[in-house]
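Morning, everyone. Let me put the model on the screen, and then we'll go through a helix pair and some charged pairs.

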Amino acid sequence: MNRPGRARVGLLLTVVTAALLTACTGTEADPARADATPTTRPTSSPTPTSSPSPSPTASPTPSTAAEIAEAVDKWYTYGGETAMVSLIKEARNAESDRPREAFELVVLDFGGLTEALSTARLMGPIPDPKTRTAWAAAIEHLDGAVREILDSVPKSGRTIQSPQETGQMLRGWSTFDEGIKSLKAAQALLNRRFGLKPSVDPWEAGA
C-alpha cells in the first residue's frame, strides 16, 4: 500500500529539451476560497466613537535588534532547529529519488518531506525579516515542487510519462532546486546573523 506522497513511475526523458526548463512558469497554488460573507454585520456598540483597548495578552512585535535576536533564539530553541534539520534531511532524501537518465524506473516518495513541511509551517514565521523571507520561500517552493512532480505521474495506468508530463516533472524539480537554495540561505542567515547552527551539519551525508 502506497502512503500519500509515494508513486512509482517510468520516466521518459529523451524528448525533453532545455526550452522546457526556461519556459516553465512554476506551480500555481490553488486560489484561496473566498467563502466569507462580506455583508456580515458586527455587533453594534452603544459608543462607536470609543477606541478599542489593546488585548492585554497580545505579544508585542520585536522591533529592536536585541528583541529580534531574543525572539529568533526562542524560535530556534523551542522547535525551530528541529523543524529546519528535519526539513533539510527529508529534502535530501527526496532528492535522492531524482531520476538521472532516460527510462529510469524510480519511486517518488515525498511522504517524509510532506510531514516535515507541515511541521515547519506549525513553527510559524521566523521573527527576523530577512531570515523569515528565505524560510518562507523554502517552504513554498518545496511544497509546490512536491505537488507538481507527483501530478506528473502517468495517468490511466500508463507506466511511461508523456512529453508533457516529463516537462512538468522537470519544472517541478527546478522548483525543488529553488527551495533548496532558499533553505540553505535561511540556515546561513541564522548562523551569520545570530550564531545559530545545528551541532551536526544536516547537509552532510550520514547526518
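H3 passes H4 in a left-handed crossing. Left-handed here means that the near helix is turned anticlockwise from the far one by less than a right angle; clockwise would be right-handed. H3 covers residues 111-122, and H4 covers residues 129-151. Helices are DSSP runs of H or I, at least four residues, numbered from the N terminus. The two axes come within 11 Å and cross at roughly 150°. Each axis is a line fitted to C-alpha atoms over the stretch in contact, and angles run from 0 to 180 degrees between N-to-C directions. That makes H3 roughly antiparallel to H4, a label for angles over 145 degrees.

Who makes the contact? On H3, Leu113, Thr114, Leu117, Ala120 and Arg121. On H4, Trp135, Ile139, Leu142, Asp143 and Val146. Contact means heavy atoms within 4.5 Å. By class, that is seven nonpolar, one polar and two charged residues. Ala, Val, Leu, Ile, Met, Phe, Trp, Tyr, Cys and Pro count as nonpolar; Asp, Glu, Lys and Arg as charged; the others, Gly among them, as polar.

A word on the source. This is a predicted model, where local features need pLDDT of at least 70, side-chain atom pairs count only at pLDDT 80 or more, and totals for chains, interfaces and linings use all residues. Residues are numbered from 1 along each chain as its sequence is written, and side-chain values use heavy atoms, with hydrogens and water left out.

Now salt bridges. How many does the structure hold? There are 10. The criterion is a side-chain nitrogen of Lys or Arg within 4 Å of a carboxyl oxygen of Asp or Glu.

Take Lys74 and Glu70, at 3.6 Å, N to O. They sit four residues apart in helix H2 (residues 65-95), so about one helical turn separates them. Lys74 is partly exposed at 46% relative accessibility. Glu70 is partly exposed too, at 47%. The cut-offs: buried is under 20% relative accessible area, exposed is over 50%, and partly exposed is in between, with a 1.4 Å probe and protein chains only.

Next, Glu178 and Lys181 in helix H5 (residues 163-194), three residues apart, about one turn. Their salt bridge is 3.6 Å, N to O. Glu178 is partly exposed at 35%; Lys181 is exposed at 54%.

Then Arg158 with Glu165: closest N and O atoms 2.6 Å apart. Arg158 is partly exposed at 38%, while Glu165 is buried at 9%.

Finally, a network of salt bridges links Glu95, Arg98, Arg100 and Asp177.

Notes: Helix = DSSP H or I, 4+ residues; strand = E, 2+ residues; numbered from the N terminus. Parallel < 35°, antiparallel > 145°, perpendicular 65-115°, else oblique.
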